[in-house]
Amino acid sequence: PIIEAQACGCRVLTTAKAPMSEVGGEAAFYLADPNNAAAGAMEVEKILAQDAAVRAATVRAGIVNAARFSTERMIHDYLAIYREVLDA
């Protein structure tokens with residue numbers, strides 16, 4: 001869901017735990033404590049209050065991050081692993 005949201009131009013708020021932090025990269029916003037509802041609400045308010053330029057930059061960063069997970073790249077990376085294993 002993180003990658004799909006970023007690919008669609010949505011800003012993402014998720015937990016700061018793996019694998020969410022790995023998938024969201026530097027383009028997502030993170031909750032240090034997902035059980036702290038007040039802190040989560042404050043983070044949502046900060047994200048929604050971004051001015052247009054910051055919002056656009058955040059969206060662009062998310063789209064760039066999502067591109068790391070393209071189908072073409074996945075196929076390329078799997079083939080590289082298979083070749084490496086078969087050549088070993």
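Two salt bridges are present in the predicted model by the criterion applied here, namely a side-chain nitrogen of Lys or Arg within 4 Å of a carboxyl oxygen of Asp or Glu. Side chains of opposite charge can pair when their charged atoms come close. The model is a prediction, in which local features need pLDDT of at least 70 and side-chain atom pairs count only at pLDDT 80 or more, whereas totals for chains, interfaces and linings use all residues. Residues are numbered from 1 along each chain as its sequence is written, and side-chain values use heavy atoms, with hydrogens and water left out.

Helices (H or I, at least four residues) and strands (E, at least two) were taken as DSSP runs and numbered from the N terminus. The partners differ in their burial classes, which are set by relative accessible area: buried is under 20%, exposed is over 50%, and partly exposed lies in between (1.4 Å probe, protein chains only). E43 is buried, at 16% relative accessibility, while K46 is exposed, with a relative accessible area of 56%. Apart from neighbours within four places in sequence, E43 is in contact with L13, F29 and L31, a contact being heavy atoms within 4.5 Å.

The salt bridge between D77 and R73 has an N to O distance of 3.5 Å. D77 and R73 both lie in helix α5, and their separation of 4 residues corresponds to about one turn of the helix. D77 is partly exposed, at 34% relative accessibility, and R73 is also partly exposed, at 42%.

Helix α5 (residues 71-87) also contains I75, which is partly exposed, with a relative accessible area of 44%. I75 contributes to a nonpolar surface patch together with M74, Y78, L79, I81, Y82, V85 and L86, and the accessible area of the patch is about 830 Å². Patches were assembled from residues with over 30% relative accessible area and no salt bridge, like charges being joined within 9 Å and nonpolar side chains (Val, Leu, Ile, Met, Phe, Trp, Tyr) within 5 Å.

The structure holds 1 aromatic pair. This pair is formed by Y78 and Y82, which are stacked, at 6.4 Å centre to centre and with 15° between the planes. Rings of Phe, Tyr and Trp (its six-membered ring) were paired if their centres lie within 6.5 Å, with planes under 30 degrees apart counted as stacked, over 60 as edge-to-face and the rest as tilted. Y78 and Y82 are 4 residues apart in helix α5, or about one helical turn. Y78 is partly exposed, with a relative accessible area of 45%.

Two loop positions were also examined. The peptide bond from A18 to P19 is cis, with omega near 5°, whereas most peptide bonds are trans. P19 is located in the loop between β1 (13-15) and α2 (20-24). N36 is placed in the loop between β2 (29-31) and α3 and is partly exposed, with a relative accessible area of 33%. The C-alpha atoms of N36 and L48 are 19 Å apart, for a separation of 12 residues along the chain.

The overall fold comprises 5 helices and 2 strands, arranged along the sequence in the pattern α-β-α-β-α-α-α. The protein is more spread out than a compact globule, because its radius of gyration of 16 Å is well over the 12 Å given by the globule rule for 88 residues. The radius was taken over C-alpha atoms, and the globule rule is 2.2 Å times the number of residues to the power 0.38. Along the principal axes, the C-alpha atoms fill a box of roughly 55 × 30 × 15 Å. Of the 88 residues, 24% count as buried. The accessible surface comes to about 6,300 Å², and carbon and sulfur atoms account for 63% of this surface. Among contacts between residues at least 6 apart in sequence, 45% join residues at least 24 apart.

Technical notes. Accessible areas come from the Shrake-Rupley method with a 1.4 Å probe; for residues, only the protein chains shown count as cover.
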